[in-house]
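Please have the model open as you read.

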Amino acid sequence: MKLLLIEDEEKMARLLLRGLTEAGHRVDACGRGEDALEQALTITYDAILLDWNLPDLDGLAVLRRWRERGLRTPVMMLTARGTVGEKVMGLRAGADDYLVKPFAFEELLARLEALHRRDDAQGLARTVGPLVLDARRRVLRHGEREEVLTGREFTLFSELASHGGEVLARSTLLGQVWGEAFDGPPNIVDVYVGYLRGKLKKLQAETVSIQVVRGVGFRLVVEGSG
């Protein structure tokens, strides 16, 4: 599996990184919430190991923001906070599993395997005309061709596809994909629509297009869908 490890404690991070790598996993590691927030939205992972206690944003805040932005990657929280109330908070914030420190490394591996099996069994894929949007691998597929989407591209395409031909304003897309607190240029939506159009072209998906409605926003159109 390709994993993202977010752990502030340096010794713990080193031990987990070594153990997970020796177990055959590919692991990226970081120690700050802000870094993890963006990394998980731009790189595709099979699962994320998230510490609650981070030096900037706490893990719970990071998790909530991921879920608000549409990230569906399985997340396991690793924390010394073990009361029932704290576990409930973590699970309700969007965690898929919760492991209390100290823990046996073998249990961590077993839980990761269970998360991966559960994710596979859910079949996190949807069809958009002739395309298949695979949420777990974060790819867009047309026949034998496929294009990997960044986190932003995936969320933007999902948002457009969920509204079946409905025009969505730039402001709506900004809020749903980049968050209400985003203070960058509004034309970032146009930039990412351009990225998606390029990938649709590579997929040779001629019946699927993202159309601009001047002065309003964008809509995704599937020809022949009624």
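This is a predicted model: local features need pLDDT of at least 70, side-chain atom pairs count only at pLDDT 80 or more; totals for chains, interfaces and linings use all residues.

Residues are numbered from 1 along each chain as its sequence is written, and side-chain values use heavy atoms, with hydrogens and water left out.

**Ring pairs**
- The whole structure holds three aromatic pairs (rings of Phe, Tyr and Trp, the latter by its six-membered ring, with centres within 6.5 Å; planes under 30 degrees apart are stacked, over 60 edge-to-face, the rest tilted).
- Trp52 and Tyr98 pair edge-to-face, at 6.5 Å centre to centre with 80 degrees between the planes.
- This pair links distant parts of the chain, 46 residues apart: Trp52 is in the loop between strand 3 (47-51) and helix 3 (59-68), and Tyr98 is in strand 5 (residues 97-100).
- Helices (H or I, at least four residues) and strands (E, at least two) are DSSP runs, numbered from the N terminus.
- Trp52 and Tyr98 are both buried (under 20% relative accessible area; exposed is over 50%, partly exposed in between, with a 1.4 Å probe and protein chains only).

**The tyrosines of helix 8**
- Tyr192 and Tyr195 are also edge-to-face, at 5.0 Å and 70 degrees.
- About one helical turn separates them, because they are three residues apart in helix 8 (residues 188-203).
- Tyr192 is buried at 18%, while Tyr195 is partly exposed at 41%.
- Ring pairs join Trp178 to Tyr192 and Tyr195 in a cluster.

**Helix 7**
- Trp178 is one of the buried residues of helix 7 (residues 170-178), along with Leu173, Leu174, Gly175 and Val177.
- Gly179, with a positive phi near 95 degrees, follows helix 7.
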